[in-house]
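Hi,

Here's the structure I said I'd send over.

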Amino acid sequence: MGYLQFGRHSVKQIIRFKDAVNDSVVVNPLLYASQGLRYNRKLQVILTTDIDKLGKAGETVKVAPGYFRNHLMPKLLAVPNIDKFAYLLTEQRKIYQPIEEVKQEDVVIVTESKEDMMKEFEKAALRLDKAKLVLRRLIDVQKAKARESKGDPLELRIPVSKKALVAEVARQLCVNITPDNLHLPSPLSTIGEYEVPLRLPRSIPLPEGKLNWTLKVKIRSK
């Protein structure tokens, strides 16, 4: 029994001496096994693809033998860190990975001429003049019941303002205008059809037979 204790003590001293002198010294796993310790040996492998929390393709990392044997090696995610595999990976990278050449090209800013801008304005004006906005709004039920005759127009619960018309023009006609482009002294408060005058630049030519630009609006009950 004394010999056994002396043997265990001597093995511990050997392990401590090895760790103190040089951490890189290879220690026989049997020394750890005799003490009931786990020998944490790591393998150096070369990754063939990017792996989260481990490394990128081509990097050399240390992993547990079981992780390499059961996961990395069967899926060809890594190879042992030996000269043969390192050379093969380097050659394959040269063949299959194209060399990215950064070319600095001069950026040419194309500015629209006044003629092009006027053509775009004219197209937008013609689209506004030919189209018809259709809006559906709720009516005021109490005022509708209090009408003197059925021929009287139905009043809306919420009148249609300039901002509402601008939003509908952008949604239905895909043309961006501002409230200043609409000549609307008061909001549209009843159901019916309207022609709202447009305030557009005078440089935009009017079609033949037209005195001014207008926007046709039709309000229906919901």
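This is a predicted model: local features need pLDDT of at least 70, side-chain atom pairs count only at pLDDT 80 or more; totals for chains, interfaces and linings use all residues.

The buried residues in α5 are Ala-125, Leu-128 and Asp-129. If you look down the axis of α5, they fall within an arc of 95°, so they line one face of the helix. Turn to the other side of α5 and you'll find three lysines, Lys-119, Lys-123 and Lys-130, that are exposed. The length of α5 checks out too: the helix covers residues 114–130, and its 17 residues at 1.5 Å each should span 24 Å, which agrees with the 24 Å between its end C-alpha atoms.

Next, the sheet. It is an open one, built from 3 strands in the order β4-β8-β7, with mixed pairing. Which strands stand at the edges? Those are β4 (132–137) and β7 (192–197); each has a single partner strand, so one side of each has no neighbour in the sheet. On average, neighbouring strands here are turned by 25° against each other, ignoring direction.

A handy place to begin is Glu-195, whose bridge partner in β8 is Lys-216. Helix α7 (residues 162–173) lies across β4, β7 and β8, and runs at about 120° to β4.

Now for the inside. In soluble globular proteins, nonpolar side chains tend to be buried together. In this model the largest nonpolar core has 23 residues, and Leu-165, Leu-215 and Val-217 have the most contacts inside it. Two or more residues come from each of α5, β4, β5 (155–160), α7 and β8. The biggest contributor is α7, which gives 4 residues.

Leaving out residues up to four places away in sequence, Leu-215 touches Leu-128, Leu-133, Val-169, Leu-173, Leu-182, Tyr-194, Glu-195, Val-196 and Leu-198. One of those, Leu-128, is among the buried residues of α5 that I listed above.

There's also another core, lying apart from the largest one. That core has 9 residues, including Leu-47, Val-63, Phe-68 and Ala-78.

Cheers

Note on methods: Residues are numbered from 1 along each chain as its sequence is written. Side-chain values use heavy atoms; hydrogens and water are left out. Two strands pair if DSSP finds at least two bridges between them. Axes are lines fitted to C-alpha atoms, for helices over the stretch in contact, and angles run from 0 to 180 degrees between N-to-C directions. Contact means heavy atoms within 4.5 Å. The expected span of a helix is 1.5 Å times one less than its number of residues. Buried means under 20% relative accessible area, exposed over 50%, partly exposed in between (1.4 Å probe, protein chains only). The arc is that of the directions from the helix axis to the C-beta atoms. A nonpolar core is a set of buried Ala, Val, Leu, Ile, Met, Phe, Trp, Tyr and Cys residues joined through side-chain atoms within 4.5 Å.
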